[in-house]
Amino acid sequence: MKDLRQHREDYLNQFKERQYGRNLLKTEDPFDAPSEECGIFGLYSENDLDTFSLSQFGLFALQHRGQEACGISVMKNGKIFNIKDEGLVLDVFKEIRNPETFMGNSAIGHTRYTTAGDKKKYNFQPFFAKNEYDQIILSIAHNGNLTNADQLKKELEAEGVVFKATSDSEVILRLIQKNLDLGLRGAIKATMEKIKGAYSVVGMTRNKFFAFRDFHGIRPLVLGAIDEKTFVAASESVALDAVGAQYVRDILPGEIVYTSENETGLKSFLVREDCEKRICAFEYIYFARPDSILENINVHEIREKSGMKIWEQAPVEADIVIGVPDSGVPAAIGFSIASGIPFRPVLIKNRYIGRSFIVPSQEMRERIVNLKLNPIVSEIKGKRVVIIDDSIVRGTTSKRLVKILKDAGVKEIHFRSVSPPIIAPCYLGIDTPSKDDLISANMNVEELRQYLGVDSLEFLSMDNLKLILGSSNHCFGCFTEKYPVPAGPSPDYTDE
């Protein structure tokens, strides 16, 4: 029998060879999971290198952050080349017939998550701007969401700026483009002083690379180095690992890092020095890959600690503890460590199943769940089971999970969510249902317990979440309805 240390190692090692799937049950109902909008990756070297392969490796490591489309822009010999298309990272890259075109000294990339907004190809990233000679002079990739995009778009259109997409990311692009006469750093500074909301951005001109982050650092952005002349910026540290870069630090809230045409190395400039860190707490609970490091915090350790804490908060007598793969497993291991209740990986995930099936009836759609995730009946029949999940959003997939366990003959089901109740939507780069569809905004814990049909139900408390994270310097908006920046989404925009 494997010990918990071996379970932990096996769990983490598997993502080095296959993409991370946060919660397989929730892929069956895209409205029953908060969705991160995208992952971004940027690379710059003073020398030419294989930017085609390196950007592919970096984006593949970020595939969990976006599975609808991906694209790259590459700087080569003073020119920028761009390609983007629908599909997973490896699918898009294998369609590139001329890889040598995308080998230069700098690249940025983007992998996009399906959203409720416009899914046309013109919203795929990176976005780029051209000059009068039809040459690309500027390209960016953005993760986050602007809360004043609609207002800024109207102002820019009144000045004659033409928009080609319906994404708030293009507002960032056009503002930088408009202010380029201030110099690159000046143009980015002017843009940051106009836009509001959450944003992490990587970008390039025909001879410079840059990255910057909003004044609260809500969306993650880490910095790494392959050598003293080659730098990497990405949404998560796993993308650094994928290209052989060493993690240096997180890009600070309100910081611009950039290259200069006349100087070597990477420069740094703080647009505002009195910034408070407010990185999204859900990055640690759900979004980030477990082997990532964000703000010098190991994501897997946070998830393990969340399982330990919820045992302390809500102990229960049971025979085994299980976690919903992939995101619930570390917390289940932590729960087992704290409680002494054996952990068993009894929910078996089909690694080869496609993203979705097209089926005409509800009965057949429910059967798909068992194709994707099937229990080892002999391990759980007649037993008292603690099931650990990362969160409960609409509650529909949690109810399906309970049905799977009951059909397998479980005696008792004790449900533990290692996030606090989600009571409010997010306006800062996460695609969540409206408040009317958030089950914890409309039911108390006892009502939800009865709806799920479980013997007990507990959520991690806000106090314990803050204790695990080590501070209150995070965005907890979906749990508290209090946001680092005023809530007020631009009605015509969703983050792309």
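# Questions about a predicted model

In helix α10, the buried residues are Val329, Pro330, Ala331, Ala332, Ile333, Gly334, Phe335, Ser336 and Ser339. The model is a predicted one.

Visitor: How many residues of helix α10 are buried?
Guide: Helix α10 runs over residues 329-339, which is 11 residues. The helix is described as mostly covered. The number of buried residues in α10 is nine.

Visitor: What covers the buried residues of α10?
Guide: The cover includes two helices, α1 (4-13) and α9.

Visitor: Which residue just after α10 takes a positive phi?
Guide: The phi angle there is about 80°.

Visitor: Which residues touch the most other members of the largest nonpolar core?
Guide: This core holds 75 residues. Domain 1 (39-277) and domain 2 (298-470) both contribute to the core, so it lies between them. Another core, of 29 residues, lies apart from it and has Val171, Ile195, Phe212 and Phe215 among its members. In the largest core, the residues with the most contacts to other members are Phe41, Phe282, Phe335 and Phe479.

Visitor: Is Ile310 buried or exposed?
Guide: Ile310 sits in helix α9, residues 299-313. Leaving out residues up to four places away in sequence, Ile310 touches Pro315, Phe335, Arg416, Ser417, Val418, Glu458, Phe459 and Leu460. Its relative accessible area is 0%, and buried means under 20%, so Ile310 is buried.

Visitor: What separates the C-alpha atoms of Ile310 and Gly334?
Guide: Along the chain, Ile310 and Gly334 are 24 residues apart. Gly334 is one of the buried residues of α10, and Ile310 belongs to α9. The separation of their C-alpha atoms is 9.3 Å.

Visitor: Which strands are the edge strands of the six-stranded open sheet?
Guide: The order of strands in this sheet is β6-β7-β8-β9-β13-β14, with antiparallel pairing. An edge strand here pairs on one side only. The edge strands are β6 (127-130) and β14 (266-270).

Visitor: Which residue in β8 stands opposite Asn145?
Guide: Strand β7 covers residues 136-146, and strand β8 covers residues 197-205. The two strands pair in the antiparallel sense over nine bridges. Opposite Asn145 stands Ala198.

Visitor: How many disulfides does a search of the whole structure find?
Guide: A disulfide is a covalent bond between the sulfur atoms of two cysteines. For Cys280, the nearest cysteine sulfur is that of Cys475, 5.9 Å away. The sulfur of Cys426 is 6.1 Å from its closest cysteine sulfur, also in Cys475, which is too far for a bond. Over the whole structure, the number of disulfides found is zero.

Visitor: What is the relative accessible area of Cys426?
Guide: Cys280 counts as buried at 6% relative accessibility. Cys426 is buried too, because its value falls under 20%. The relative accessible area of Cys426 is 16%.

Visitor: How much of the protein chain do buried residues make up?
Guide: The chain has 496 residues. Its secondary structure comes to 16 helices and 25 strands. The share of buried residues is 57%.

Key
Residues are numbered from 1 along each chain as its sequence is written. This is a predicted model: local features need pLDDT of at least 70, side-chain atom pairs count only at pLDDT 80 or more; totals for chains, interfaces and linings use all residues. Side-chain values use heavy atoms; hydrogens and water are left out. A nonpolar core is a set of buried Ala, Val, Leu, Ile, Met, Phe, Trp, Tyr and Cys residues joined through side-chain atoms within 4.5 Å. Buried means under 20% relative accessible area, exposed over 50%, partly exposed in between (1.4 Å probe, protein chains only). Domain bounds come from an automatic or database domain assignment. Helices (H or I, at least four residues) and strands (E, at least two) are DSSP runs, numbered from the N terminus. Contact means heavy atoms within 4.5 Å. Two strands pair if DSSP finds at least two bridges between them. A disulfide is a pair of cysteine sulfur atoms within 2.5 Å.
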